[in-house]
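User: I'd like to learn how to read a structure like this one, feature by feature. Could you walk me through it?

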Amino acid sequence: MSNILAFDLGASSGRALLGRLVDGKIEVEELHRFSNDPVQVGNRLHWDILRLYHEIKLALMKAKNQGIDLQSMAIDSWGVDFGFIGKDGELIGNPYHYRDRHTEDAMEGLFAEIPASDIFARTGIQFQPFNTLFQLYALKKANSPLLKEGKRLLMIPDLLRYFLTGEMHNEFSNATTTQLFNPTTGTWDSELLRLLDLPESWFGEVLKPGSKAGNLQPSVCEELRIPSIPVYAVAEHDTGSAVAAVPATEKSFAYLSCGTWSLMGTEVDKPVIHELAQKLNFTNEGGVAETYRLLKNIMGLWILQECRREWERAGKSYSFPELVQLAGEAQALSVFIDPDNSLFLPPGDMPARITQYCLRTGQQAPETTGEIVRCILESLALKYRYAFELTELLSGQTFNGLHMVGGGIQNTLLCQWTANAIGKPVWAGPSEGSAIGNLIVQWIAQGEFADIWEARKAIRDSFPMTIYEPEERKAWSDAYDRFCVLTGIQV
Ligand code: ADP
Ligand code: LRH
């Protein structure tokens, strides 16, 4: 029986999922799970990349100790972040976290040098201050030694794969999140690199998802006393893997990948790059099987995670199910925030920022834990309606429901409220979308599935899907009108 391993590193936690194909069905087992804790040093926020590498090795050890014979493995993670490799082949410094504040003024600064419309026309990627492009610009302005010493730039999964295999490659789906890749030419954008004075030699040939990208190198095998196995490049951007795992039956479908971030959109054959897409700040990220993801980033459950961390610092600890229950007991459709307000991007005292937002917009601030959680979840559901309708507008399609995948689907209230807000059914599952998408791309590469559609069918047959039918239409529709006025979003 073939066993393969998927490492899915999310912004809040990482996991190793063991996958097996049994009579055409997918079986998964969670071999290892670990928290992914950013580390603040002085004013800087970093990822603990070596700890993540250590956790990957722990999972490989667990597989060995359980007598599991692995055939292959692959890694996916959040996008945009990277590390530099120096002349001796070693990692220079700790990768920055995309929520580090060093990119705060970067968009404004760069647009004074290169018009935003040129950047969007070249890359089709939405503007977010933390995109690799703006991180590099900020490092340049700060005269960072990283740029002087760096010889190769590797995205987070590229970097971890390099530690494991000794081979340096850049993978396609994650390369597109840099906002330095041109989907029209299918290569790094030489003109953007030239304008930014970034050496082309930092960026390697781009591997398609499903490419074999090396084998576990001898030093790793010796250390862990394990045989070498192939390491694949899958859709190494977690959103790419999550969307690969959407159990859709037809080509035209809408999805919401719901975790730390909420990513709402549809899959398209060609990137949608025009003025309106730029104005609405939609993105075109590279996906599997020559597709792109036309989608919008929504701040997501990060706001709730950060509230939870704040309450923990105040000595009150809540599990996610407890928070969902408290939200269910609070008053419905009372006060709203725009989850995408820049106030909510950096780490910090989120309940205080929610109060600040509500008072600023003439609303009464939520007070109890349940009221705060309800405000976050309802506001997310309403923002999902906005992004859902824009996805229909930009893609010229009408969707008869929404597929939700990711850890956030364990929040049954959020799923139900999303259905209420969009007025269409929500089909929720699987919750480990990214890890399952990672597995199926390995299997497609190994010939176990003919293509992505056969793999999606196997996902449909293997994992339960929960259906949420829309309810309370009038109340949610009125709430949406209020939400739009309050947040100033144009519909
Ligand atoms: P990421 O991959 O970005 O780290 P996940 O896909 O693991 O994120 O989703 C994490 C989110 O899922 C959490 O922020 C939390 O809101 C939600 N979640 C996780 N477990 C539960 C649960 N048991 N009940 C409700 N929500 C949950
Ligand atoms: C979701 C995600 C998203 C990126 C963000 C940095 O995990 O990859 O697609 O924009 O993290």
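This is a predicted model: local features need pLDDT of at least 70, side-chain atom pairs count only at pLDDT 80 or more; totals for chains, interfaces and linings use all residues.

User: Which residues are closest to ligand 1, and how many surround it?

Analyst: Ligand 1 is surrounded by 17 residues, with Gly10, Ser12, Gly259, Thr260 and Gly407 the closest. Helix 12 (302-313) and helix 13 (320-329) are the elements that give two or more residues to this shell. Helix 13 has the largest share, three residues.

User: Where does ligand 1 lie relative to the domains?

Analyst: Look at who contributes to the shell. Domain 1 (3-233) and domain 2 (246-429 + 449-491) both give residues to the shell around ligand 1, so the ligand lies between them.

User: And ligand 2: which residues come nearest?

Analyst: There are 14 residues around ligand 2, and Trp78, Gly79, Asp238, Thr239 and Trp261 come nearest. By class, that shell has six nonpolar, seven polar and one charged residues. Domain 1 and domain 2 each provide at least three residues of the shell around ligand 2.

User: How should I read the domains themselves?

Analyst: Start with their bounds, then see how they meet. The domain assignment gives domain 1 as 3-233 and domain 2 as 246-429 + 449-491. Their centres, taken over C-alpha atoms, are separated by 25 Å. At the meeting point, 22 residues of domain 1 are in contact with 23 residues of domain 2. On the domain 1 side, strand 3 (25-35), helix 3 (116-123) and helix 7 (172-176) each supply at least two residues. That side of domain 1 is made of nine nonpolar, ten polar and three charged residues.

User: Why does the radius of gyration agree with a compact globule?

Analyst: The idea is to set the model against what its length would give. For 491 residues, a compact globule would have a radius of gyration near 23 Å, and the protein has 22 Å, which agrees. The C-alpha trace spans about 60 × 55 × 50 Å along its principal axes. Within it are 19 helices and 22 strands. Taking contacts between residues at least 6 apart in sequence, 73% join residues at least 24 apart.

User: What share of the residues is buried?

Analyst: Burial is a neighbour count: 20 or more other C-beta atoms within 10 Å makes a residue buried, and 12 or fewer makes it exposed. Buried residues are 51% of the 491 in the protein.

User: Which residues touch the most other members of the largest nonpolar core?

Analyst: That core has 146 residues, and Phe7, Ile303, Tyr384, Met404, Leu439 and Ile440 touch the most other members. Helix 15 (residues 369-395) gives the most to this core, 14 residues. Domain 1 and domain 2 each contribute at least three residues to this core. To see one member up close, take Tyr384: leaving out residues up to four places away in sequence, Tyr384 touches Leu256, Ser262, Met264, Ile298, Thr418, Ala421 and Ile422.

User: What should I look for in the backbone?

Analyst: Most residues other than glycine have a negative phi, and most peptide bonds are trans. Here, the peptide bond from Gly429 to Pro430 is cis, with omega near 0°. Pro430 is in the loop between strand 21 (426-428) and helix 17 (433-445).

User: Where is Asp197, and is it buried or exposed?

Analyst: Asp197 is in the loop between helix 8 (190-195) and strand 13 (206-207). Asp197 is exposed, with 9 other C-beta atoms within 10 Å. Its phi is near 60°, a positive value in a residue other than glycine. Asn281 is another case, with a positive phi near 55°. Asn281 is in the loop between helix 11 (275-279) and strand 18 (283-286), and with 14 other C-beta atoms within 10 Å, Asn281 is partly exposed.

Notes:
Residues are numbered from 1 along each chain as its sequence is written. Chains are lettered from A and ligands numbered from 1 in the order in which they are written. A residue is near a molecule or strand if its C-beta atom, placed from the backbone, lies within 6 Å of it. Ala, Val, Leu, Ile, Met, Phe, Trp, Tyr, Cys and Pro count as nonpolar, Asp, Glu, Lys and Arg as charged, and the others, Gly among them, as polar. Domain bounds come from an automatic or database domain assignment. Two residues are in contact if their C-beta atoms, placed from the backbone, lie within 7 Å. Helices (H or I, at least four residues) and strands (E, at least two) are DSSP runs, numbered from the N terminus. The radius of gyration is taken over C-alpha atoms; the globule rule is 2.2 Å times the number of residues to the power 0.38. A nonpolar core is a set of buried Ala, Val, Leu, Ile, Met, Phe, Trp, Tyr and Cys residues joined through C-beta atoms within 7 Å.
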